[in-house]
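Here are my notes on the model you sent over. Have the coordinates open while you read, and tell me where you disagree.

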Amino acid sequence: QDQGQGSFPTIQGFAYGEEMTFSNVGQPMLNYTSCTWHPELKFPMHQETGFLRIKPGTGQVCFLLSHNFGLTSTEEGTVEKQSLRLKSVNISRMSFAKEPAVTELQRTIEMVDESTLHQVVLMATTKTPLTRHLEATYKKVTDE
């Protein structure tokens, strides 16, 4: 993946590296993992894992995610042509997660070509309205 960029009104902008993995085990869903790291120092940053479920015979999808900072999210949306558009319908958090709380997520994942994905994530918290948070371009590294 090329270096991603993150920003939010309450924090300093940052760069990150990320690897996303989608895999299929024969069910009508894709298993998903994402690991991010600091581009120079290489220490791990955000991680999430979950499932991209597809309603058979439709363009409806649901992205079920668990994030390593104590959040779970259910994002629902549609696949149209080369674009996946999702919006949170439920966000839960562990009792000792730090403030401010995430209140909304929106993401768009677009297939630019056979080996390139582009993702934009918007986020709202209890202190900040919906704002662009992350943007990254991913290059396919294997055909597994």
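The points below go from the whole chain down to single residues.

1. Ground rules. This is a predicted model, where local features need pLDDT of at least 70 and side-chain atom pairs count only at pLDDT 80 or more, while totals for chains, interfaces and linings use all residues. Residues are numbered from 1 along each chain as its sequence is written, and side-chain values use heavy atoms, with hydrogens and water left out.

2. Fold content. You'll find 10 strands and zero helices in the protein chain. Both come from DSSP runs numbered from the N terminus: helices are H or I with at least four residues, strands are E with at least two.

3. Overall dimensions. The radius of gyration, taken over C-alpha atoms, is 15 Å, which agrees with the value near 15 Å for a compact globule of 144 residues (the rule being 2.2 Å times the number of residues to the power 0.38). Along the principal axes, the C-alpha atoms fill a box of roughly 40 × 35 × 25 Å. Among contacts (heavy atoms within 4.5 Å) with a separation of 6 or more, 27% join residues 24 or more positions apart.

4. Surface. The protein chain exposes about 8800 Å², and carbon and sulfur atoms supply 55% of that; the areas come from the Shrake-Rupley method with a 1.4 Å probe, and for residues only the protein chains shown count as cover. Of the 144 residues, 35% are buried. Here buried means under 20% relative accessible area, exposed over 50%, and partly exposed in between.

5. Thr 36. This one sits in strand S3 (residues 29-37), and it counts as buried because its relative accessibility is 7%. A polar atom of the Thr 36 side chain lies 2.7 Å from the backbone nitrogen of His 46. Leaving out residues up to four places away in sequence, Thr 36 touches Tyr 16, Gly 17, Glu 18, Phe 43, Pro 44, Met 45 and His 46.

6. Which peptide bond is cis, with omega near -5°? The one from Glu 99 to Pro 100, with Pro 100 in the loop between S7 and strand S8 (102-113). Thr 126, in the loop between strand S9 (116-125) and strand S10 (131-139), touches Glu 99 and Pro 100, and also Ala 101 and Thr 103.

7. Positive phi. Most residues other than glycine have a negative phi, and most peptide bonds are trans. Lys 42 has a positive phi of about 70° and is found in the loop between S3 and strand S4 (44-54); it is exposed because its relative accessible area is 54%. Lys 81 also has a positive phi, about 55°, in the loop between strand S6 (71-80) and S7, and its relative accessible area of 81% makes it exposed.

8. Cysteines. Cys 62 is buried, at 15% relative accessible area, whereas Cys 35 is partly exposed at 35%. With a disulfide taken as a pair of cysteine sulfur atoms within 2.5 Å, the count comes to zero.

Note on methods: Buried < 20%, exposed > 50% of the residue type's maximum accessible area, 1.4 Å probe, protein only. Polar contact = N/O pair within 3.5 Å; in protein donor to acceptor, adjacent residues only side chain to side chain.
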